[in-house]
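Colleague: I would like to learn how to read a few features of a model. Please give the general idea before each case.

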Amino acid sequence: MFRGQFEHAIDEKGRLSIPAKFRDILQKERTLVLTSFDSYITAFPLKVWHGIEERIRANPTFKRDMRDFLRHIYSLAEDAEIDQQGRILIPQALRQRAGITRDVVIIGVMDQIEIWGKARWEAKVAAAPSSEELTSKLGELGV
């Protein structure tokens, strides 16, 4: 599982260093699938992405809303190979969609990694639920 947050910067070529802690979790897996559903980029280990695809395949793909969903998901998805220096190249289109220019916050969210523009992440944290609301949610989940 990916946990924690790290501040990094994207270089002028669009490369981002994956935190060493996350590279250790990935071990020999060198490919991530990048996509953007929202105002950030999600990086899925290839094995996790394949599991998502299997669940998608279990649904009928001839319905209009499913075809629209598939077009959206796959048109934004990009494979990213982790290079020898532990970096990935984030395509310009994904960076623009997520509002990422240079400074980013990389967070672990269970079996995926989220890459946020630093300003957007700080705004998200500022709007986060209170401790009381979080505790209540944990109670709803039976924790």
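Modeller: Helices and strands here are DSSP runs, numbered from the N terminus. Keep in mind that this is a predicted model.

Colleague: Which helix and strands each supply at least two residues of the lining of the largest pocket?

Modeller: Strand E7 (103-109), strand E8 (112-117) and helix H5 (118-126) do. The lining has 13 residues, and Ile-107, Glu-114, Trp-116, Trp-121 and Lys-124 lie nearest the centre of the pocket.

Colleague: What volume does the largest pocket have, and how does its lining divide by class?

Modeller: The volume is about 210 Å³. By class, 8 lining residues are nonpolar, 2 are polar and 3 are charged.

Colleague: Next, backbone angles. Where is Met-110 found, and what is its phi?

Modeller: Met-110 is in the loop between E7 and E8. Its phi is near 60 degrees, a positive value in a residue other than glycine. Exposed means over 50% relative accessible area, so Met-110, at 56%, counts as exposed.

Colleague: And is Gln-27 buried or exposed?

Modeller: Gln-27 is exposed, because its relative accessible area is 60%. This residue lies in the loop between helix H1 (20-26) and strand E3 (31-35), and although not a glycine, Gln-27 has a positive phi of about 50 degrees.

Colleague: Last, the surface. Which residues form a nonpolar patch there?

Modeller: A patch takes residues with over 30% relative accessible area. Leu-138, Leu-141 and Val-143 form one, with about 330 Å² of accessible area together. Leu-138 belongs to helix H6 (residues 131-140) and counts as partly exposed because its relative accessibility is 42%.

How values were computed: Residues are numbered from 1 along each chain as its sequence is written. This is a predicted model: local features need pLDDT of at least 70, side-chain atom pairs count only at pLDDT 80 or more; totals for chains, interfaces and linings use all residues. Side-chain values use heavy atoms; hydrogens and water are left out. Patches are made of residues with over 30% relative accessible area and no salt bridge: like charges are joined within 9 Å, nonpolar side chains (Val, Leu, Ile, Met, Phe, Trp, Tyr) within 5 Å. Accessible areas come from the Shrake-Rupley method with a 1.4 Å probe; for residues, only the protein chains shown count as cover. A salt bridge is a side-chain nitrogen of Lys or Arg within 4 Å of a carboxyl oxygen of Asp or Glu. Helices (H or I, at least four residues) and strands (E, at least two) are DSSP runs, numbered from the N terminus. Buried means under 20% relative accessible area, exposed over 50%, partly exposed in between (1.4 Å probe, protein chains only). On a 1 Å grid over the protein atoms alone, a cavity is a set of points where a 1.4 Å probe fits but cannot get out, and a pocket is an open set with protein on both sides within 12 Å along at least five of seven lines; lining residues have an atom within 4 Å of a point. Grid points are joined across faces, edges and corners, and a volume is the space filled by probe spheres set on the points. Ala, Val, Leu, Ile, Met, Phe, Trp, Tyr, Cys and Pro count as nonpolar, Asp, Glu, Lys and Arg as charged, and the others, Gly among them, as polar.
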